[in-house]
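Please read them with the model on screen.

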Amino acid sequence: MVLLALATAAYTWVVKVVVDKAQNMDDGNAMASAKTYAIAILPILIGIPAISGISNYFQRILANKIALNSVAKMQKQMFVASHTADYASFSREPTGNRISKFVSDVSVISASLIRVLSNLIRDFLTVIFTIAAMLWQNWMLSLAMVIFAVAVWPIIAISKKMRGSAKDVQEHVGTITSELKESFGGARMIKTYGLEDHENTRLGNSFDERIRLFLKLVSEQARVDPILEVLGGLVIAAIVIFGVYQVSADLATPGSIAAVLTGIMILSPKLRALGTLNNVIQEGLSSLTRIFDVIDETPQVTEKAGAVDLDNPQGHVVLENVRFAYSDGTEALNGISIEAKPGEMIALVGESGGGKSTIINLIPRLYDVSSGKITVDGQDIRNLTFDSLRRSLALVSQDVTLFNDTVAHNIGLGDLSATRTQIEDAARAADAYDFIMALPQGFDTVIGEDGDTLSGGQKQRLAIARAILRNAPILLLDEATSALDAESEAKVQKAMETLGQGRTQIVIAHRLSTIKKADRIYVLEKGKVVETGTHSTLSKNNDGVYARLQTLQMEG
Ligand code: ADP
């Protein structure tokens with residue numbers, strides 16, 4: 001790049017020599033003189049493009065390599081940060097928005113990095129060397145370049161605007177990504193409710209909005225070039241007028257005037273290129289800000305320095321006077337005390353919004369209690385390592401999380417070190433073996449996004465097999481059977497019993513029939529425990545909430 005910049009600036013010198021010599025050329029021997037110059041100048045004229053071509057080749061590969069590596073590093077850091085961040089951050093930012101940062105912002109940054117790496121240094125050096133050459137040739141005339149300085153202020157002002165507009169564009173890409181994700185995810189509802197037109201209009205508006213935002217950015221970017229072009233014209237006019245005066249007053253040679261003009265011809269497009277490069281830089285910076293927002297986010301729920309491992313967990317879970325409010329101020333738990341001794345099954349029941357799911361979320365520390373404490377085997381969970389706490393838990397919930405991968409892989413997520421035999425045993429214990437073997441490729445069948453090719457009960461049993469494989473002493477069961485038909489429910493129920501043997505179970509149940517065997521039932525209302533007891537004691541209390549829920553369900 002340095003060589004290339006120097007060579008470009010050297011054109012001014014070439015022009016000066018040619019013009020001045022041509023003027024003083026010995027008329028009698030024109031051919032011979034021309035030949036001498038041609039021999040002297042040709043290598044330079046051919047050499048410069050050759051250097052340019054070769055250096056461009058290597059520069060392009062190198063620039064891409066650097067940009068791609070930087071961007072991959074950012075993606076990795078952002079991905080790590082996304083999963084290190086508080087669970088709450090996932091409800092704060094729509095998933096599509098977060099995805100667009102990994103795809104769209106990253107490609108903006110990559111493109112702008114490549115441009116910067118390829119052009120910035122080269123163009124900047126060319127400008128510096130050319131200015132130096134011009135000052136060397138005719139410093140007085142070169143002072144006309146000061147006119148370019150006028151452009152600095154408007155460019156700074158436009159840059160600020162551009163960064164804002166680029167941010168709007170990228171945020172909108174996030175919005176579109178979220179809307180697309182929702183729309184395709186809701187395909188079933190959209191078709192059955194005949195909402196295609198509604199969706200077409202909704203997304204159509206979004207696509208149109210993108211045009212508006214993009215044109216706003218482009219109109220700002222487009223302002224830089226004309227400013228520099230007009231100023232370039234003024235500079236040339238000044239040089240021509242003042243140059244003619246200098247030559248007539250014998251203050252300068254025509255060659256030096258030509259050299260300065262050539263310098264301006266080189267300088268003008270380079271300055272304009274730097275101007276448009278600034279556009280790309282502003283776009284890159286705005287995407288970079290969006291990415292660093294994710295990377296720099298400090299989680300609230302963190303592992304304490306000096307956290308200890310939960311060794312040989314027994315599964316004794318206690319909530320002591322736990323209060324919890326979500327960040328929007330919703331008080332979900334108002335002083336809850338519950339206990340599950342090793343091997344016990346406790347059930348949480350009550351109207352929706354009572355706080356049952358919140359309790360389940362607090363135990364793996366998806367959120368931290370606002371006050372009070374939760375202990376496992378007598379240790380405050382905030383003093384335990386994340387890894388050992390979470391290894392002691394298995395969660396089975398109504399909305400089963402399945403990945404678009406094989407059945408074996410999906411079960412194996414319960415314990416990444418499990419062997420194929422262990423996975424198959426877990427499937428047998430979860431009463432899932434037979435239906436898995438009936439799938440086209442058995443355990444190697446890819447089950448589609450979210451397990452779309454399976455029935456609700458089958459998905460549940462895969463989730464149970466995963467939990468069995470995890471072999472954790474504490475089970476968190478969230479409404480696991482409420483959405484199933486009677487036959488599936490019976491199968492899932494049986495699998496649940498196998499899973500529950502010898503483990504502490506904390507169950508959220510809507511159907512009271514599923515928790516008859518619970519050692520203790522906690523009835524929750526508005527974040528408080530209003531009744532505690534077993535199924536038989538609670539059912540006898542006719543004025544109680546539990547008895548009322550039971551009556552409601554029998555009527556239902
Ligand atoms: P349940 O499981 O008994 O139906 P939840 O624990 O889901 O009850 O909810 C308890 C309360 O917390 C409700 O008022 C609910 O609206 C609120 N809540 C639940 N999740 C969130 C959240 N992510 N942000 C804010 N409020 C929430």
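Predicted model: local features only at pLDDT ≥ 70, side-chain atom pairs only at ≥ 80, totals over all residues.

1. The ligand shell. Which residues surround the ligand? They are Tyr 326, Asp 328, Thr 330, Ala 332, Glu 351, Ser 352, Gly 353, Gly 354, Gly 355, Lys 356, Ser 357 and Thr 358. Sorted by class, this shell holds 2 nonpolar, 7 polar and 3 charged residues. Helix H10, residues 356-362, supplies the largest share of the shell, with 3 residues.

2. The side chain of Ser 357 places an N or O atom 2.6 Å from an oxygen atom of the ligand. For Gly 355, a backbone N or O atom is 2.9 Å from a ligand oxygen atom. For Gly 354, a polar backbone atom is 3.1 Å from an oxygen atom of the ligand.

3. Cover of the ligand. How much of the ligand's exposed area does the protein bury? The ligand taken alone exposes 560 Å², and the protein buries 65% of that.

4. Helices H4 and H9. Two packed helices are described by the angle between their axes and the distance between the axes. For H4 (residues 95-142) and H9 (residues 254-295), the angle is about 155° and the axes are 6 Å apart. Angles over 145 degrees count as roughly antiparallel, and H4 and H9 are therefore roughly antiparallel to each other. The crossing of H4 past H9 is left-handed. By class, 25 nonpolar, 14 polar and 8 charged residues make up the contact of H4 with H9.

5. Helices H5 and H9. H9 also packs with helix H5, which spans residues 152-185. The axes of H5 and H9 come within 8 Å and cross at roughly 50°. H5 and H9 are therefore oblique to each other. In what hand do H5 and H9 cross, left-handed or right-handed? Their crossing is right-handed.

6. Helices H13 and H15. Helix H13 covers residues 420-429 and helix H15 covers residues 456-470. Their axes cross at roughly 125° and come within 8 Å. H13 and H15 are therefore oblique to each other. H13 passes H15 in a crossing that is right-handed.

Methods
Residues numbered from 1 in each chain as written. Heavy atoms only, no water. Near = heavy atom within 4 Å. Polar contact = N/O pair within 3.5 Å; in protein donor to acceptor, adjacent residues only side chain to side chain. Areas by Shrake-Rupley, 256 points an atom, 1.4 Å probe, with all protein chains shown as cover. Helix = DSSP H or I, 4+ residues; strand = E, 2+ residues; numbered from the N terminus. Nonpolar A, V, L, I, M, F, W, Y, C, P; charged D, E, K, R; others polar. Axes fitted to C-alpha atoms, helices over the stretch in contact; angles between N-to-C directions. Parallel < 35°, antiparallel > 145°, perpendicular 65-115°, else oblique. Left-handed = near helix turned anticlockwise from the far one by under 90°.
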